[in-house]
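Student: I would like to learn how to read a model residue by residue. Can we work through one together?

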Amino acid sequence: MRKIQVDSLVPGMRLAKQVLGTNSEVYLNAGVILTSRYIRKLRELGFACVYVYDAFLEDVQVPEVQDVVHEETRRSAIGQLRKLLIDTEASRDKAIAPPKELTQTVYEMVDQIVENPSRMINLSDIRAQDEYLYHHSVNVCVLALTAGAEIGLTRRQLFELGVGALLHDVGKMRIPTQILNKPGRLTKEEFEIIKQHPIWAKHLLRDNPTGASIAAMHHERINGEGYPYGLKLGEISTYAQITGLADVFDALTADRCYRKAHPPHEALELLMATGDYWFEFNIVNSFLAIVAAYPIGTLVELNSREIGVVVETPKGFPTLPTVRVFVTAEEGWLPVPYDLSTLENCRFVVRVLEDEELAFIKKRFF
Ligand SMILES: [Fe+2]
């Protein structure tokens, strides 16, 4: 099973994981053979990636990606948040109080993350464009909780962080959608309106001071370049910095209406550059420890010219995965692949292979 860009799908491929909407409605079931009509529909619905069985890689048996939180928990968080935000929009100025089911879901996320300290985040997120805000908010929450657990926050602190991270962008409910989803560059005036969303969020979350402060400060940067207040180092809470960094990382790795997603290894490189500049170093480091630069199923070439698929990433070494090698420079396509730890064998990834390259390589050897 492998994650593949919807743009690279061809009719005849078989879906390996069902494609679900936010309310758990099944768009397509696992096992379905994709037709051009299905592929067109997936594109129209705004899905960037799906999981397919890959005939080329069937012998290689890539392990299934395990999310740091259970799929059902993630899905119920998305559904509950969606309901809360729709209600908020309807009730205009009423203060937001997260309903009991939602806080319960945040507790569940905290438990699942704390109980699995060795798990790395392997980006496996598949989302429809029109549901961006809900998926993004839940992703930011999961990333923030995993980074927070890495820093050593207590369960109580993680819960506070989780609720704030989940609701960090509620202020966007007040921004006109034509500005929020504008495909082109924003004008100066439009950006000034966008810059108001942390202030709106602070107002809406007035009954939850910690959540309000996270939402108000998630776009602040320690060098003073952030908005809306231009706060500096010492003035921005750890919770807000963790949420801000999670927000940047998730936005970089998502397909948006105005640009294509960055692969995680590129996004991590960009994050590294923000250390001591936008965010404090210990916070950036906590992210580097928990996010796999090359998620399970990524096709990579090593400096030894071995080609394989990532099957695991050791905690704390995001760029040094274990690779199931199936092509070597000397022997070509191997009848039996072998696992190679790049960490233990002084190898490194030189590049990520595109989907089409695998077919090309296979043709070269058979
Ligand atoms: Fe935001």
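Tutor: We will take the metal site, then the salt bridges, the cavity and some backbone details.

Student: What should I know about the model before we start?

Tutor: This is a predicted model, where local features need pLDDT of at least 70, side-chain atom pairs count only at pLDDT 80 or more, and totals for chains, interfaces and linings use all residues. Residues are numbered from 1 along each chain as its sequence is written, and side-chain values use heavy atoms, with hydrogens and water left out.

Student: Which residues coordinate the iron ion?

Tutor: Start with the rule. Donors are N, O and S atoms within 2.8 Å of the metal (3.2 Å for Na, K and Ca); water is not among the atoms, so sites may look incomplete. Here the donors are Asp169 (OD), His197 (NE2), His218 (NE2) and His219 (NE2), at 2.2 to 2.3 Å. Their spacing in sequence reads D-x27-H-x20-H-H.

Student: Where do Asp169 and His218 lie?

Tutor: First, how elements are named. Helices (H or I, at least four residues) and strands (E, at least two) are DSSP runs, numbered from the N terminus. Asp169 is in the loop between H5 and H6, and His218 is in the loop between helix H9 (209-217) and helix H10 (238-252), so this pair ties together parts 49 residues apart in sequence.

Student: What is the geometry of the iron ion's site?

Tutor: Four donors count as tetrahedral if all angles lie between 85 and 135 degrees. Four count as square planar, and six as octahedral, if opposite donors are over 155 degrees apart and all others between 65 and 115; anything else is irregular. The angles among the four donor atoms run from 83 to 169°, and the site is irregular.

Student: Are Asp169 and His218 buried or exposed?

Tutor: Buried means under 20% relative accessible area, exposed over 50%, and partly exposed in between (1.4 Å probe, protein chains only). Asp169 is buried at 2%. His218 is buried at 0%.

Student: How many salt bridges does a search of the whole structure find?

Tutor: The general idea: side chains of opposite charge can pair when their charged atoms come close. The cut-off: a side-chain nitrogen of Lys or Arg within 4 Å of a carboxyl oxygen of Asp or Glu. The search finds twelve.

Student: Which parts of the chain does the salt bridge of Arg174 and Asp93 link?

Tutor: The closest N and O atoms of Arg174 and Asp93 are 3.3 Å apart. The pair links distant parts of the chain, 81 residues apart. Arg174 sits in the loop between helix H5 (155-166) and helix H6 (177-180), and Asp93 in the loop between helix H2 (71-90) and helix H3 (100-114). Arg174 is buried at 19%, whereas Asp93 is partly exposed at 41%.

Student: What about strands? Which residue forms a salt bridge with Asp339?

Tutor: Arg324 does, with the closest N and O atoms 2.7 Å apart. Asp339 lies in strand S9 (residues 332-341) and Arg324 in strand S8 (residues 322-328), so the pair ties together parts 15 residues apart in sequence. Asp339 is partly exposed at 43%. Arg324 is buried at 18%.

Student: Which residues line the largest cavity?

Tutor: On a 1 Å grid over the protein atoms alone, a cavity is a set of points where a 1.4 Å probe fits but cannot get out; lining residues have an atom within 4 Å of a point. The lining here is Met1, Arg2, Tyr51, Val62, Pro63, Glu64, Val65, Ile296 and Gly297.

Student: And the backbone? Where is the place of Asp276?

Tutor: Asp276 is in the loop between helix H11 (264-272) and helix H12 (281-290). Its phi is positive, about 65°, although Asp276 is not a glycine. Asp276 is exposed at 54%.

Student: Which residues does a cis peptide bond join?

Tutor: Tyr227 and Pro228, with omega about 5°. Pro228 is in the loop between H9 and H10.

Definitions and conventions. On a 1 Å grid over the protein atoms alone, a cavity is a set of points where a 1.4 Å probe fits but cannot get out, and a pocket is an open set with protein on both sides within 12 Å along at least five of seven lines; lining residues have an atom within 4 Å of a point.
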